[in-house]
Amino acid sequence: MADGICDEELISQFPSSCIRRMGLADVRTTWTLTYPDRECEHGGVIDACLISLLVAVLRPTQGHMDSMAPLQLTPIAKGPFEGNLDSLKQNKYPKWFTEGKLGIWAHWGPQAVPMEGDWYARLLYEEGGKDYKDHLARYGHPSKSGYKDIIPLWKAEKWDPERLMDLYKNAGAKYFVSMGVHHDNFDLWNSTYHRWNAVKMGPHRDMVGDWQKAALRRGLHFGVSEHLGASFTWFQSSRRADKNGPLAGIPYDGSDPAFEDLYHWKAKPGDTGWYSNDPQWHAEWYRRIKDLVDQYHPDLLYSDGGIPFGSVGASMVAHLYNSSIAQHHGQQEAVYTCKQTSLGRWAQDIERGVQSGIQADPWQTDTSIGDWYYNKNWKYRGADWVIKTLVDVVSKNGNLLINVVLRPDGSLDSEAQKVLADMTTWMKVNSESIYSTKPWVTFGEGPIRAKGGAFKEDFGFTGKDVRYVRKGEGTVYATLMGQPDESEVVLTSFAKSGTKSADVRSVKLLGTRKAVDWSWQPDGLHVKLPGEKFSEIASVLKITGSNLRDFVPAAPGAATQPVVVASAGDTYGLAAAFALPHGGGIQVEGEAGNENLGYWDSPDDWASWVVYFKAAGTYSVNATVSADLSPTVFDLEVGGRHLAGNVPSTGSWGNYKEIILGTVVVDKAGKTQVTVKPANHDRWKPMNLRSVVFRKLS
């Protein structure tokens, strides 16, 4: 062989019953790797030297060899976009996205089978954890029975995409997004390059293709989500072994060469970030996601993270945009979303969170009515939560992509069907306040001002909270985010004293023909509501007139950063939820009350807190941190003084340890900024930070 081309004669020496299709890009043959000196089904012994040679022959086509030059990417589609971030600034947001506002997502795949929720494919390899124990009890030890053995159990036997799409469209969705591939490295389409796919295994159906047909038949735009970029480092846990118990030291099935194309090859030392730094993985990601784009020409492509792999990811986005232009007679109709500040290049996505104020560029919230994958222990959020989230997001120039959780068999729980039915009822009356709207001069008023960022989404809106959008210059919709305590509401953003040319001519309540009493006064628009409720979720007032953008209200603006104060005696807990993240990747994640700063892959990202110290003095400083495999060091600064935080490898992101930084002098009482930054730009490795604690020494 030469240049990574397989020697067919060598492979032909293996008995046909000992081969397994690998779906390699350049090698159209089948093979298996068995352990050295182990008998095959024919009773023959495969020579260890021959296996070693076969590994050397085949690995270059998979991009594993350290000595191999980086794979060349196949060319992107011709068009105005090139594979760099500056070129992507030509992006234009299509009308279907900016006006559609609501999408429904099927975050679904083999990981739904155990009914234990998200990340099961990784967490079953976390010794001692909940999913490890569940897997051990139901499926066996992961050295023998791992995620590969879950995949055949996913049958999707009750999945009816046509019926489901009817429900989604009735609920108000203007676009639908299918899972393409999750971190589990299992493709849900008829993959050209990867044998672990839904056509060859599990349900034996082209899930992406069948979802797309159902969506397009109903006039919905169609998107796909890819989580593959993070898969390489995410799945390295499958290569571990128990540290305790009777099977201690026996590698999990991810170490078996026969399944390396599912679990990936071993990462190099230090390659532990959300996105791998291995260029061969970058090339593998590129060819498979390009295959997905080229086969289905989606209107939307979502990446679970920032744009992957620098120029490689930029090339993929350029290919998506150029392909869309070619498919739509010179018009770009494709949208790319990722969890990185857009600067107009794509639509920024925020997972389980919102923006704090109106954004110049369109953006998207992605969230779920339950866990991401089916979880038998979760209680669903109702349509009231979905609708209020939608209204808040739309008021800030965003879209909502909501996951309606499917059971492993492809059916919906009755509670999930009720969420869709209640959404349908509300949208039939109030959808004109959602579709084709734009932000008004302020997104809203009231006591609840959501702090922007990921994993902050349960805001508890009240009857005093209002969200605004407009159509043109003459119509504004005011949505009441709860049931007002009084029969009269005052919309202070419409204060007559705040305009020179605006004129309010009518106020109506959507869903009723009854007249609404109103008066326009210097302090705002006074509206008397009917005695009976017209919506259990949120009522919408339609305000019409002229020059209605000519208001200068006291806009809420961005939520102010909370100030950390002493919680017990002279102890100050700088929780992740109180931090202000700085940078394109770092964000607050985790459930309420148990948040951490994560996605901290870039050495340019940092975090800050505002602390009100009651007294000057000397303080001890501790931090609670985790790091998957590689240790790292951060710098804590307060009042010009610095401490080093030495973060050890904790074995997994969920395994937190408290570290001691030392003592520091705070010179004076009052508000002080505390920052945490990577200590060394070139040696930075990702970490999670749950909290920093200052304790005053006596």
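A: The side chain of Asp628 makes a polar contact with the side chain of Arg240, at 3.0 Å (N or O atoms within 3.5 Å, one able to donate a hydrogen and the other to accept it; residues adjacent in sequence count only if both atoms are side-chain atoms). The model is predicted, so local features need pLDDT of at least 70 and side-chain atom pairs pLDDT 80 or more, while totals for chains, interfaces and linings use all residues. Residues are numbered from 1 along each chain as its sequence is written, and side-chain values use heavy atoms, with hydrogens and water left out.

Asp628 sits in the loop that joins strand 25 (617-626) to strand 26 (632-638); strands are DSSP runs of E, at least two residues, numbered from the N terminus. Its relative accessibility is 4%, so Asp628 counts as buried (under 20% relative accessible area, 1.4 Å probe, protein chains only). Leaving out residues up to four places away in sequence, Asp628 touches Arg122 and Arg240, along with Ser649, Thr650, Gly651, Ser652 and Trp653 (heavy atoms within 4.5 Å).

As for nonpolar packing, the largest nonpolar core has 118 residues, of which Tyr168, Phe176 and Trp211 touch the most other members. A core is a set of buried Ala, Val, Leu, Ile, Met, Phe, Trp, Tyr and Cys residues joined through side-chain atoms within 4.5 Å. Another core, of 34 residues, lies apart from the largest one and includes Ala576, Val611, Phe613 and Met687. With residues up to four places away again not counted, the contacts of Trp211 include Trp108, Trp159, Tyr168, Phe176, Phe222 and Leu406.

Methods
Buried means under 20% relative accessible area, exposed over 50%, partly exposed in between (1.4 Å probe, protein chains only). Helices (H or I, at least four residues) and strands (E, at least two) are DSSP runs, numbered from the N terminus.
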